[in-house]
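Hi,

Here is the structure I promised to pass on. Have a look at it first, and my notes on what turned up follow below.

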Number of protein chains: 2
Amino acid sequence: MSRRPGTLHLNAFLMGVGHHEAAWRLPESDPFAHTDVGHFQELARIAERGKLDSLFLADSPVLWNNVGRRPSGALEPTVLLTALAGVTEHIGLIATASTTYNEPFNLARRFASVDHVSGGRAGWNIVTTAGADAARNFNLDELPAHRDRYQRAAEFIEVSRKLWDSWADDAALGDKAAGVWGDQERIYPPRHVGRYFKVAGALNVPRPPQGYPLLVQAGSSEDGKELAARYAEAVFTAQQTLAEAQAFYTDLKARTRALGRDPDGIRILPGIVPVLGGTEAEAHALADELDRLIVPEYAKRQLAITLGISPDDLHLDRELPAELPAEEQIEGAKSRRTLVVALARRERLTVRQLIGRLGGGRGHRTFAGTPEQVADAVEDWWQNGAADGFNVMPPVLPSGLAAFVEQVVPILQRRGLFRTEYAGRTLRDNYGLPRPANQFRADALATSVS
Amino acid sequence: MSRRPGTLHLNAFLMGVGHHEAAWRLPESDPFAHTDVGHFQELARIAERGKLDSLFLADSPVLWNNVGRRPSGALEPTVLLTALAGVTEHIGLIATASTTYNEPFNLARRFASVDHVSGGRAGWNIVTTAGADAARNFNLDELPAHRDRYQRAAEFIEVSRKLWDSWADDAALGDKAAGVWGDQERIYPPRHVGRYFKVAGALNVPRPPQGYPLLVQAGSSEDGKELAARYAEAVFTAQQTLAEAQAFYTDLKARTRALGRDPDGIRILPGIVPVLGGTEAEAHALADELDRLIVPEYAKRQLAITLGISPDDLHLDRELPAELPAEEQIEGAKSRRTLVVALARRERLTVRQLIGRLGGGRGHRTFAGTPEQVADAVEDWWQNGAADGFNVMPPVLPSGLAAFVEQVVPILQRRGLFRTEYAGRTLRDNYGLPRPANQFRADALATSVS
C-alpha cells in the first residue's frame with residue numbers, strides 16, 4: 001500500500017492532571033494543579049517542544065457532580081489560553097465555548113482578542129452544552145431541546161463570522177497627516193436579524209490575524225455531524241475501533257463534500273489515550289494502577305446520568321440492563337450515550353469494567369503499549385482512512401504528555417509522518433488550512449466605487 | 001494643617017496610545033498600538049516600576065463612531081488583563097465589564113479565573129453600558145431604561161458574590177489516600193431566583209485568592225452613586241474643581257456610612273490627565289500641540305450625542321445652546337452629560353474650546369505643568385478631603401505614563417505620600433482593603449455539624 005502524502009496532525013487535549021479520572025491520586029500528581037496556571041504553562045511548553053499542532057481545553061459552565069470525586073472546577077478557557085499564549089510561539093490554542101449560554105458579540109470578540117494576542121493561534125471548539133444543570137445556571141429551568149440548541153449554534157456561527165468579517169483587512173489606515181485613522185466604508189456592520197439573534201453593529205476588534213479562529217466541533221450526533229460538515233475545520237471525535245473510525249471519517253468527509261466544501265478543509269482527529277510503558281507489561285501495569293484508584297460509586301452515578309436511568313438500576317458486577325432509553329429520548333450528550341452503550345454491549349463489560357474503560361478516556365480509545373506500538377496504532381488509523389491526526393489525551397499530566405512528546409513523536413518524525421519544525425506561525429498554518437476570505441469584501445469594493 | 005495619615009492610591013488608566021483623542025497623530029505614536037498586546041505589556045511594566053496600585057481598562061461592547069476619527073476597537077479586557085498578568089507581579093488588574101450584556105455565571109467565572117491566574121490581582125469595574133448602539137448588538141432595539149439597568153446591576157453583583165462564595169475557602173481537600181478530593185458540604189449553590197436572574201448551581205472555579213475581585217464603580221449619576229455606596233470598594237470619578245471633588249467625596253462617604261459600611265472601605269479616585277513638561281511653558285506647548293491635532297467635526301458629532309441634540313445645533317465658535325435636554329431626559333451616560341454642561345457653562349467655553357477640553361480627558365481634569373506642580377495638585381486634593389488617590393490618565397502613552405512614573409512618583413515618594421515598595425501581593429493589599437469573608441461560611445459550619 002502506498003504512503004499517504006502529507007503530515008498527520010496532533011492535538012494535545014489538556015485536562016487537569018490527566019484524562020484518567022483517578023490520575024490525581026497518583027503520588028506524582030498535584031491535586032490542585034487543575035486551577036494552577038503554572039501547571040498548564042508547563043504542559044504548553046512540553047507540547048510545543050513536540051511540535052504539536054495545538055492545545056485544546058474542554059469546558060462546560062457548570063460544576064459537575066460531587067466535588068469528592070476528583071479535582072473540580074476549571075479556569076475559564078479563553079483566559080487560560082491567553083496565559084498559555086504568553087509562554088509559547090507556534091502552538092495553536094483551542095478553547096471550548098458554548099453557543100447556548102453566550103452572546104455572539106461577546107464570544108466573537110473574545111476569540112478575536114485571543115487571536116490578536118496570540119498572533120493568530122486561536123481556535124474555537126463549538127459546543128451546545130448538554131445537561132439541565134448548566135441550563136439552570138442561565139435563567140432556564142430545563143435544557144433547551146437538542147435540535148433547538150443546534151439551530152441556535154448554526155446561527156451563532158453565522159453571526160460570529162459576520163462579526164469577524166465586519167472589518168476589511170485593510171480598514172485601518174493610520175493616516176496621521178490627514179487625521180484619518182480608518183476607512184468607515186470598509187466597516188461592514190452585520191445588521192443580522194435571525195431567529196435567535198439580532199446583532200446590528202460591527203465588532204469592536206479589527207479582523208483577527210487568522211481571518212477568524214479555527215472552527216472546531218466535537219459532537220457526533222446527527223445534528224452534530226451536520227453542523228461539523230457545514231462549518232467545522234477540525235473535528236474531535238471518540239472512536240473505539242478502526243472500522244467505526246473509518247465509517248465516521250468517510251461519512252463526515254462525504255457530508256462535507258455534499259455541501260460544496262473541500263473535504264480536505266475538515267481535519268478529523270479521533271481521541272487516543274496513550275498509556276505508555278517501556279514494555280507492554282509496564283504500560284498495562286500503569287493502566288491497572290490507575291483503574292484500581294477509581295472510586296466506583298461516583299462513577300456509577302455519572303454513568304446512570306449518561307444513560308438516563310437511576311443509579312439503582314446499575315450493579316457493579318453485572319452488565320448494563322437489557323432495556324435502556326434510546327438515543328432519541330436523550331436530550332443531553334446523545335453521541336456519548338450511544339458510544340458508551342455500544343462499547344459495553346460489544347465487549348460484554350460489567351458496570352465495573354465499563355467504569356474502568358470510561359474513567360480512562362471517557363469513551364475515547366485507550367491504548368496501552370510501548371512507544372513503538374502507540375506510533376504503529378497512530379500510523380495504522382492515519383494510513384487507513386480513519387483519521388487526519390489524533391486528539392492526544394494523556395492519562396496523567398504532565399508525565400503522560402512528556403512521554404508522548406519524548407518517546408512517540410520522534411518515532412513518528414523518523415517515519416516522516418510528522419513535522420520536525422513548525423512551518424508557519426498560525427494555527428491554520430499548523431493544520432494546513434487557508435485563511436478565510438472576507439465574505440463582505442467584494443460587495444464592499446463595489447459599494448466604495450459608487 | 002496636620003498631615004493626613006496613610007498613603008494615596010494611584011491607578012494607571014490605560015487607553016490605546018493615550019487619553020488625548022489626537023495622541024495617535026503625534027510622530028512618536030504607533031497608530032495600531034491599541035490592539036497590540038506588546039504595547040500594553042510595556043505600559044504594565046512601566047506602571048509596576050512606579051509601584052502604582054493598579055491598571056484599569058475601560059470598555060463597551062460596541063464599535064463607537066466613525067473609525068476615521070481615531071484608533072478604533074479594543075482587545076477584550078479580561079483577555080488583555082490576563083496577558084498583562086503574565087508580565088507583572090504586584091500591580092492590580094482592573095477590567096470593565098457590563099452587567100447589562102453579560103450573564104453572571106460567565107462573568108463571575110471569568111473574573112475568578114483572572115484572579116487565580118494573577119495570584120489575586122483582579123478588579124471588576126462594574127458598568128451598565130450606555131447607548132442604544134450597544135443594545136442593538138445584543139438582541140435589543142433600544143437601550144434599557146437607566147433605572148432598570150442599575151437594578152439589574154445590583155442583582156448581578158449579588159449573584160456574582162454568591163457565586164464567588166459558592167466554594168468555602170477550604171472546600172478542596174485533595175485527600176489522595178481516601179480518594180476524596182473535596183467536601184461537597186462546603187459547596188454552597190446560590191439557588192438564586194430574582195427579578196433578572198435565576199442561577200442555581202455553584203461556580204465551577206474555587207473561591208478566588210482575593211475572595212472576590214475588587215469591585216470598582218465609575219458612574220456618578222444618582223443611581224450610580226447608590227450602587228457605589230452599596231457595593232463599590234473603589235470609585236473612579238470625573239471632577240473638575242476641588243470644591244466639586246470635595247462635595248462628591250463627602251457625599252459618597254456619607255452614603256456609604258449610611259448603609260452601615262465603613263467609609264474607609266471605599267477608595268475614591270478622581271481622574272487626572274497630567275500633561276507634563278520640564279517647564280510650565282513646555283507642558284502647555286504639549287497640550288496645545290495635542291489640541292491642534294483634533295479633527296473637530298468628529299468630536300462635534302460625539303458631543304451632540306452626549307447632549308441628546310442634533311450636531312446641527314452646535315456651532316464651533318459659539319457657546320452651547322441655552323436650552324438643552326435635562327439629565328432626567330437622558331437614558332445614556334447621565335453624569336457625563338451633566339459634567340460636560342457644567343464645564344461649558346462655568347467657563348463659558350465655545351464648542352471648539354469645549355471639544356479641546358473633552359478631547360484631552362473626556363471630562364476629567366486636565367492639569368498641565370511641571371512634575372512638582374502635578375505632585376502639588378495631587379497632594380492638595382488628597383490632603384483636603386477630595387480624593388483617596390487618583391486615576392492617572394496620561395494624554396500620550398507610553399511616554400506620558402513613563403514621565404509620571406519617573407518624574408512625579410519620586411516626588412510623591414519623597415514627600416511620604418506614596419509607597420516605595422509593594423507591601424503585599426494582591427490588589428486588595430495595594431488598596432489596603434480586607435479580603436471579604438464568605439457570606440455562607442457560618443451557616444455552612446452550623447449545617448455540617450448537624
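B:Arg186 and B:Asp183 form a salt bridge, with their closest N and O atoms 2.8 Å apart; the term stands for a side-chain nitrogen of Lys or Arg within 4 Å of a carboxyl oxygen of Asp or Glu. B:Arg186 counts as partly exposed at 23% relative accessibility, while B:Asp183 is buried at 19%. The cut-offs here are under 20% relative accessible area for buried, over 50% for exposed and in between for partly exposed (1.4 Å probe, protein chains only). Salt bridges with shared partners also link A:Glu222, A:Lys225, A:Glu226, A:Asp251 and A:Arg255 into one network.

Before you read on: this is a predicted model, where local features need pLDDT of at least 70 and side-chain atom pairs count only at pLDDT 80 or more, though totals for chains, interfaces and linings use all residues. Residues are numbered from 1 along each chain as its sequence is written, chains are lettered from A and ligands numbered from 1 in the order in which they are written, and side-chain values use heavy atoms, leaving out hydrogens and water.

Over all chains, the search finds 64 salt bridges. One of them joins A:Arg4 to A:Asp388, at 2.6 Å between the closest N and O atoms. A:Arg4 sits in the segment before strand E1 (9–14) of chain A and A:Asp388 in the loop between helix H12 (371–383) and strand E13 (389–392), so this pair ties together parts 384 residues apart in sequence. (Helices, H or I with at least four residues, and strands, E with at least two, are DSSP runs numbered from the N terminus.) A:Arg4 is partly exposed at 21%, and A:Asp388 is buried at 2%.

Now for the two chains together.

In numbers, 76 residues of chain A are in contact with 76 residues of chain B, contact being heavy atoms within 4.5 Å. The buried area between them is about 5,800 Å², with 58% of that from carbon and sulfur atoms; this is the accessible area (1.4 Å probe) that two parts lose on being put together, summed over both. There are four salt bridges between chain A and chain B, including B:Asp141 with A:Lys198 at 2.8 Å, N to O. On the side of chain A that touches chain B, H3(A) gives the most, with eight residues.

Finally, a buried spot inside chain A: A:Asp223, in helix H6 (residues 222–231), has 15% relative accessibility and counts as buried. Its side chain makes polar contacts with those of A:His146 at 2.8 Å and A:Arg147 at 2.9 Å. For that term, take a pair of N or O atoms within 3.5 Å; within protein, one must be able to donate a hydrogen and the other to accept it, and residues adjacent in sequence count only if both atoms are side-chain atoms.

Cheers
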